[in-house]
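Hi,

Here is the structure I said I would pass on.

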Amino acid sequence: MEIPTSDDESLPINGPKQVATVNDTEDLVDDEYHDEHLDGRIRRKVDLRLCTIAGVLCSLNLLDSGIISSAAVTSMPQDLQLTGNRFSVAIFIFTVASVCAQLPATIIMRLVGPPTFFSCTTVLFGLITLCTAFIHSWREMIALRVLLGISMSGIYPGLTYLVSAWFARSEQQLRFAFLQSGEVIILATGSFVNFGLNQLHGEHSLAGWRWMYIVQGSITMFLGILTFFWIPHFPENAAKTVKFLTEEEIEHVLAKIDRDRQDAGKPEPFTAKAILVPFLDPKLYAFAVLFFLLNLVSTALSYFLPIILQSGMGFSSNKAILLSAPPYYYAVIPVLLSSFIGDKFRIRGPVILFNAVCLICGFCMLGFPRQVTVRYIGTFLATGAYVSNWAALSTYQANNITGQWKRATFAAAISACNGLGGIAGSYIVRAPEAPRYMTAIWVSISSHLLMISLVLVCTAFFLRANRRARKGKGPIEGVIDFRYTY
């Protein structure tokens, strides 16, 4: 056998291995740089197209509460004969209609596509809001609020589903925080708008609260038309979205989602089984209870804050409308900060627990001291905590499931139970208990103590399941290498 020497160019000693290693390393670095650069560019595009309009559309969940809570301290109760518990019934019936329609609406959204669905529902929501300005009795208000609840039933679960479909699990909480930030900023700004519109009382023989519904209903209809051209399709259909992603970028998104949880691309054919089987998963009920407990408190605050400020703290009607805005502007800070930490360190449970403790402290400040300043500061702490937990809980459930129809079912079912919390929340602020509202205080504190306990139980379950999966005792969610995020 002839042993080649270093002068033999056909086979230099160790030469091919050295050259290949260098080239492979350079290619690997180039590929990593390309993927990182591409990933960043895609995130910016999706944030601009999806998270912006989703934040605006999410605000519709609070637009109604913002208008009706501001109108409640004007002449509306007298104009519509909202005596006794009729105001709470108006909130209750809206939530019941929304809860009943959420699962069908979310399924329809997946089948017809986001642009058509969100555009039509938003225009319809705006039209019904506009029509509310011209009613003259509480019975007419109840009828319109049933239609209002149906029209917006699919907005929040649909957006939760759509955002979770576009982002890897480690990116989701900050994106949900963007949605919540847009939502609360618009709600807070709406308080100032409502204050200004209330000054139009008597113009063209219309009460101030009617101007609130006219102007904001008209704006909503315009946003519905804009939505059709702005909001993107699901990732597998992203090529249908005008001036959005290139083919390379779409393939990159689908590959990233598949690596993360293996549920990118078109869903399996729609069947009743695909929707019903997820109801056998105990996680659905745990997440549903968490959202119920959260919305129990958020409804009490978002619908009744001006009333609490007026009847509970002694502010005038106009001041109550204005002072209900700052707590929501403040909420943007904790929701973005806590969500950034949650995504960076891939932690969900500890963030939820921290926010729950902050909410308990806020309600203690709101309920027990006598100083108005301390009580008002308590509304900041409580509002910031529950808004932050919207993003945290949305990510908590989206991170720990896989499958397109399962994701749709979870989003709708959880949003429905969230609505049930709204029904309960509409009754815990009781007018005879002014100025302290102790039922609302104790229910809110107790609900979040229960939330803390349930998150600890879920964390123990997720931790045990991950350990079993690492030992090869069966995959989680039927996906190899999938791990729960807690």
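Which residue does Arg43 form a salt bridge with? The partner is Asp39, and the closest N and O atoms are 2.7 Å apart. (I call it a salt bridge when a side-chain nitrogen of Lys or Arg is within 4 Å of a carboxyl oxygen of Asp or Glu.) Arg43 and Asp39 sit four residues apart in helix 1 (residues 15–58), so about one helical turn separates them. Helices are DSSP runs of H or I with at least four residues, numbered from the N terminus. Arg43 is partly exposed at 26% relative accessible area, while Asp39 is buried at 13%. The cut-offs there: buried is under 20%, exposed is over 50%, partly exposed is in between, with a 1.4 Å probe and protein chains only.

Before you dig in: this is a predicted model, where local features need pLDDT of at least 70, side-chain atom pairs count only at pLDDT 80 or more, and totals for chains, interfaces and linings use all residues. Residues are numbered from 1 along each chain as its sequence is written, and side-chain values use heavy atoms, with hydrogens and water left out.

Back to the charges. The structure has 18 salt bridges. Another one joins Lys283 and Glu477, at 2.7 Å from N to O. Lys283 is in helix 12 and Glu477 in the segment after helix 18 (438–470), so this pair ties together parts 194 residues apart in sequence. Lys283 is buried, at 6%. Asp343 and Arg348 also pair up, at 3.0 Å; Asp343 is buried at 10% and Arg348 at 0%. There is a salt-bridge network too, linking Arg169, Asp260, Arg261, Asp263 and Arg407.

On to the nonpolar side. The largest nonpolar core has 137 residues, and Leu50 and Trp166 are among those touching the most other members. Helix 12 (residues 282–312) gives the largest share, 16 residues. A core here is a set of buried Ala, Val, Leu, Ile, Met, Phe, Trp, Tyr and Cys residues joined through side-chain atoms within 4.5 Å.

And the cysteines? There are zero disulfides, taking a disulfide as two cysteine sulfur atoms within 2.5 Å. The sulfur of Cys100 is 12 Å from its closest cysteine sulfur, in Cys417, so it is too far for a bond. For Cys358 the closest is in Cys361, at 6.4 Å, again too far. Cys100 is exposed at 60%, whereas Cys358 is buried at 17%.

Cheers

How values were computed: Helices (H or I, at least four residues) and strands (E, at least two) are DSSP runs, numbered from the N terminus.
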